[in-house]
Each structure stands twice: as C-alpha cells, then as structure tokens.
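Let us walk through this structure together, one region at a time. Please have the sequence and the 3D view at hand as you read.

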Amino acid sequence: MPAKPIIQLHPAAAPSRLAPNGKRFFIWTMGCQMNEADSAKIAAMLQEVGYRPADSELDADIVVLNSCVVRQAAEDKVAGRLNSLRRLKAQKPEVPVVLTGCMVTNQQEALTKRFPHVDLFFDPSDFDKLQRVVPELADLDDDLAQLPHYYLPDTPENSGVTAYVPIIYGCNFLCSYCIVPYRRGKETSRPMRDIVAEVEELASRGVREVTLLGQTVNAWGHDLGGDVNLAHLLRAVDAVPGLDRLRFLTSHPKYMSDEIIGTMAELPSVCEHMNLPVQAGDDDVLRRMRRTYSRDFWKDRIALTRNLMPGTTIATDIIVGFPGETDEQFMQTYALLEETGCDKVHLAMYSPRPGTLSARWEDDVPHEEKQRRHHELEKLQERLCTGINADRLGRTFEVLVEGKAKGRWTGRTRGNTLVHFDDDRDVLGKLLDVRITQTSPWFLIGAPVGTPR
Ligand code: SAH
Ligand code: SF4
C-alpha cells in the first residue's frame with residue numbers, strides 16, 4: 001500500500017513532488033523547540049521530494065541528528081547517539097548520516113575528526129546544505145524558504161493541529177552560563193509578512209494553535225528598524241482567520257513590557273499562559289548570571305500578567321548550583337517558587353559550558369548538593385502542582401484535542417495543562433469543553449461536555 005500523503009501539497013510545489021520515492025528518513029531531535037521546528041522543516045523538505053518517515057534509523061535511507069549542547073549531559077547524549085551510528089554506517093555506507101543543531105556551529109573541523117562517519121554537518125536552520133546529500137532538494141530550491149516549519153501529523157500523538165513557527169533566531173544577551181549566543185549568533189527577526197503568511201498557510205491546512213518561537217521571542221522586531229515589537233506581531237497573527245490559539249516562547253523578563261502584556265490580555269487568540277524563565281530567586285546570583293533583572297522585577301511582570309489576565313498559568317526555568325550559590329541563596333529560589341506557584345518549572349543543574357564566562361569560575365557546588373537542590377525543588381513543585389490542579393476539580397476547560405495516548409484522547413487547555421478523557425466520537429483536532437473529574441500533579445482527567453467545534 002502506498003504511504004498516504006502526510007502533508008498537504010505546498011501551493012508552490014508540483015504534484016509529482018508528493019509521490020513517494022520509496023526512500024525513508026529518520027530524524028532524532030534533542031533540545032529546545034527551535035530544534036523541533038528545524039527538524040519539522042527538514043522532514044517537510046524531505047517529504048516534498050518523496051521521502052517518507054522511517055520507524056527507526058535501521059530502515060532509513062537518511063539519518064539526521066539535531067543536536068543540543070546547552071548542558072554537558074545533552075552533548076554527551078548526542079555524542080553517544082552519533083557513536084551508535086558507526087555500526088549502521090559500516091553496514092550501509094550509502095545511508096547519509098547528517099548532524100545539525102548547536103553542536104555544529106564553529107565546530108565542524110573538530111567534529112569531522114571526531115565523527116568521520118558523519119557525511120554532512122550543517123549549522124542550525126542552514127537548510128540549503130542538505131542538498132549536498134539529497135540532490136533532489138535542488139529542484140525545490142526556490143521554494144525552500146517558503147516551506148513552513150510545522151509539525152507533521154504522522155503519529156497518533158500528533159494530529160498536526162498545533163505548529164511551531166520560529167520568528168527570531170539567535171540571542172543578544174550574554175548570560176554568563178549560556179552557550180546559546182555562541183552557537184546561534186545575534187538576534188535576527190523574520191519579517192512580519194513572512195510570519196503572517198506562514199501562519200495563514202498553517203491555518204488553511206487545519207492548524208488551530210501556533211506557538212511563535214525564539215530564544216528571546218519578545219525581542220522580536222528590535223533588529224528590524226522602525227518601531228515594531230512583539231505586540232504588533234501578536235496583533236497581526238491574531239487576525240489570521242481560522243487560528244484559535246496563539247502562544248509564544250521563550251520570553252526574557254527584561255523585554256516583557258507592559259505593552260506586550262496588555263496586548264496579550266486584549267487579543268482573543270493569545271492563550272492565558274506565560275513562559276518567563278527566572279533562573280534564580282536571589283539577586284546576587286541573578287547579577288552574576290548577567291540576567292539584567294531582579295527577583296522583584298520578575299515578580300512584578302507575573303503580577304501584572306495575572307492582574308490583567310486572571311488565571312494565567314506560568315512556566316519558568318531554574319538553574320540550581322550556579323557557581324557560588326549558597327544554601328541561603330538557593331532558599332531564595334525555593335521561596336520565590338513557593339510564593340509564585342508556577343504551573344511548570346524546567347529544572348536544570350548548572351553545567352559549565354566551554355567558552356562562557358561562568359566556565360572560568362570554580363564550579364564549586366558539589367554534584368551531590370546540586371542533586372539535593374534539584375530534588376528539593378522537584379518535591380516542592382509536585383506539592384504545589386497537586387494543589388493547583390486539585391483546585392481545577394469540577395471546573396470546565398476548553399481543550400484542543402491533539403491525539404490519543406494509551407487509548408484516551410489527550411489535549412491541552414489554553415493554560416497548557418494536559419487533559420485526558422474518553423469519548424467515542426472522533427474529536428481529533430476539535431475544541432471541546434471538558435469537565436475535570438480527577439486530578440494529579442501533572443495532568444487532569446475529565447469528561448466531555450457540549451459539542452466539539
Ligand atoms: N532564552 C531562554 C533560555 C534558553 S536555554 C532564557 O533566557 O531563559 C534553555 C534553558 O537551559 C535555560 O533556561 C536554562 O535554565 C538552561 N541552561 C542554559 N545554560 C545552562 C547551563 N550552563 N547549565 C544548566 N542549565 C542551563
Ligand atoms: Fe542563553 Fe540568556 Fe540568551 Fe536565554 S537570554 S538564550 S539564557 S544567553
């Protein structure tokens with residue numbers, strides 16, 4: 001049976017491009033949503049020339065690894081995966097192995113020596129390079145830039161109703177611990193008209209929720225000249241017909257202006273959810289992290305958001321065990337999280353990255369102590385989320401149904417909380433009101449009420 005077309009035809013593409021060519025691709029992705037968006041675009045490009053997804057690298061005609069080096073553990077995982085491909089490459093030398101993502105930038109020479117079985121290295125988002133191992137892509141050349149970044153509806157968990165859209169690449173901050181600016185370069189915003197055109201196309205394909213992406217997404221527009229910022233872009237995207245939900249991440253507290261928060265509150269599609277990494281709750285640690293804001297400033301941004309959009313859920317990132325972080329300073333982070341009550345906290349143990357400022361300082365919090373602090377915050381978060389979700393019992397939330405997991409429908413509220421429920425109807429891709437009947441710290445269970453729309 002021929003593989004069913006997984007994506008709809010790109011308007012600029014000739015029909016023959018969708019005919020399967022019998023070849024399969026396998027993409028493995030580590031790291032942030034920017035990488036996921038890049039991987040989705042690579043998958044889209046390969047499908048446009050007839051490739052189809054493979055179940056594993058073993059039955060693939062091309063293997064792409066998309067790497068992350070934000071922490072040593074991530075880098076080690078990528079290296080392990082690359083090494084495990086040596087055997088495959090020895091058995092099937094004709095299968096190109098490709099490495100992209102943050103591990104590649106400025107490191108090609110060293111990587112070529114370390115991983116000689118890799119056929120191609122290319123920098124994040126430098127998609128044209130893929131032509132070197134997939135010559136068919138040359139025929140698409142004119143269209144490459146226009147191909148949208150989108151999730152492919154090729155798994156039961158992913159219906160293709162949500163999509164990521166990168167809007168700004170790079171980062172102009174220089175947080176002392178962070179390797180990202182060295183690997184992703186300076187902030188470069190995409191023009192508003194390209195972004196809006198991409199969202200229009202996604203919406204016309206049935207995508208109902210779009211997440212705008214950037215390392216510092218709310219710096220969008222600062223490099224474009226003129227006086228545009230994320231608030232203007234949100235207005236333009238909100239106006240796209242057929243788009244029900246709009247999100248954006250990751251925001252930097254310094255740029256989370258009153259104007260952006262006010263615009264979020266005003267626009268119907270913008271979800272009541274804010275991703276605002278604080279990293280630490282102690283002002284001295286924040287200063288040494290070069291974060292450029294104080295604990296009170298972050299708290300104030302959250303307070304204004306909750307004031308203008310009651311019920312807004314908050315996600316944040318925390319690093320524990322930063323050089324010199326005392327137990328007292330750690331407890332400031334603990335207290336900040338406890339008083340703020342975030343819905344989601346991405347916790348990381350500090351990991352020195354070569355070339356960054358803090359890598360020159362002594363990594364003086366012992367590993368066991370970092371683990372203890374990490375564990376303390378995990379326990380705190382579990383307690384807080386138990387309470388936050390318990391308060392949702394009996395309430396009704398609008399859920400966008402994204403797929404099935406373990407036989408149950410699964411989707412997210414506008415606040416980004418996971419909801420599972422049973423329904424005999426096919427509700428994939430629908431918005432549905434769900435009444436919450438059971439809660440846990442990490443997800444909700446409910447029963448549908450009303451009509452899917
Ligand atoms: N631009 C975002 C974060 C991008 S990096 C921001 O400004 O917050 C993603 C997350 O990885 C960071 O939020 C941080 O928590 C974590 N991270 C980055 N560098 C790290 C390091 N050297 N050690 C541990 N965690 C790190
Ligand atoms: Fe890294 Fe800081 Fe830029 Fe975020 S803002 S990507 S943490 S340098």
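Before going on, a word on the model: it is predicted, so local features need pLDDT of at least 70 and side-chain atom pairs count only at pLDDT 80 or more, while totals for chains, interfaces and linings use all residues. Residues are numbered from 1 along each chain as its sequence is written, chains are lettered from A and ligands numbered from 1 in the order in which they are written, and side-chain values use heavy atoms, with hydrogens and water left out.

Gln 279 sits in the loop between E11 and helix H9 (283-288); helices (H or I, at least four residues) and strands (E, at least two) are DSSP runs, numbered from the N terminus. With a relative accessible area of 8%, Gln 279 is buried. Buried means under 20% relative accessible area, exposed over 50%, and partly exposed in between (1.4 Å probe, protein chains only).

Strand E11 belongs to an open sheet of three strands, in the order E11-E12-E13 with parallel pairing; two strands pair if DSSP finds at least two bridges between them. Strands E11 (273-275) and E13 (344-349) stand at the edges with a single partner strand each, so one side of each has no neighbour in the sheet.

What about charged pairs? The whole structure holds 33 salt bridges, each a side-chain nitrogen of Lys or Arg within 4 Å of a carboxyl oxygen of Asp or Glu. In one of them, the closest N and O atoms of Lys 89 and Asp 119 are 2.8 Å apart. Lys 89 lies in helix H2 (residues 72-91) and Asp 119 in the loop between helix H3 (108-114) and strand E5 (120-121), so this pair ties together parts that are 30 residues apart in sequence. Lys 89 is buried at 11% relative accessibility, whereas Asp 119 is partly exposed at 41%.

Another salt bridge joins Glu 209 and Arg 247, with 2.9 Å between the closest N and O atoms. Glu 209 is in strand E9 (residues 209-213) and Arg 247 in strand E10 (residues 245-249), 38 residues apart. Glu 209 is buried at 1%, and Arg 247 is buried at 5%. Through shared partners, salt bridges join Glu 209, Arg 245, Arg 247, Glu 398, Glu 402, Arg 412, Asp 433 and Arg 453 into one network.

Finally, look at strands E15 (residues 408-412) and E16 (residues 418-421), which run antiparallel and are joined by four bridges. They form a hairpin with five residues between them, and Asn 416 in the turn has a positive phi of about 80°.
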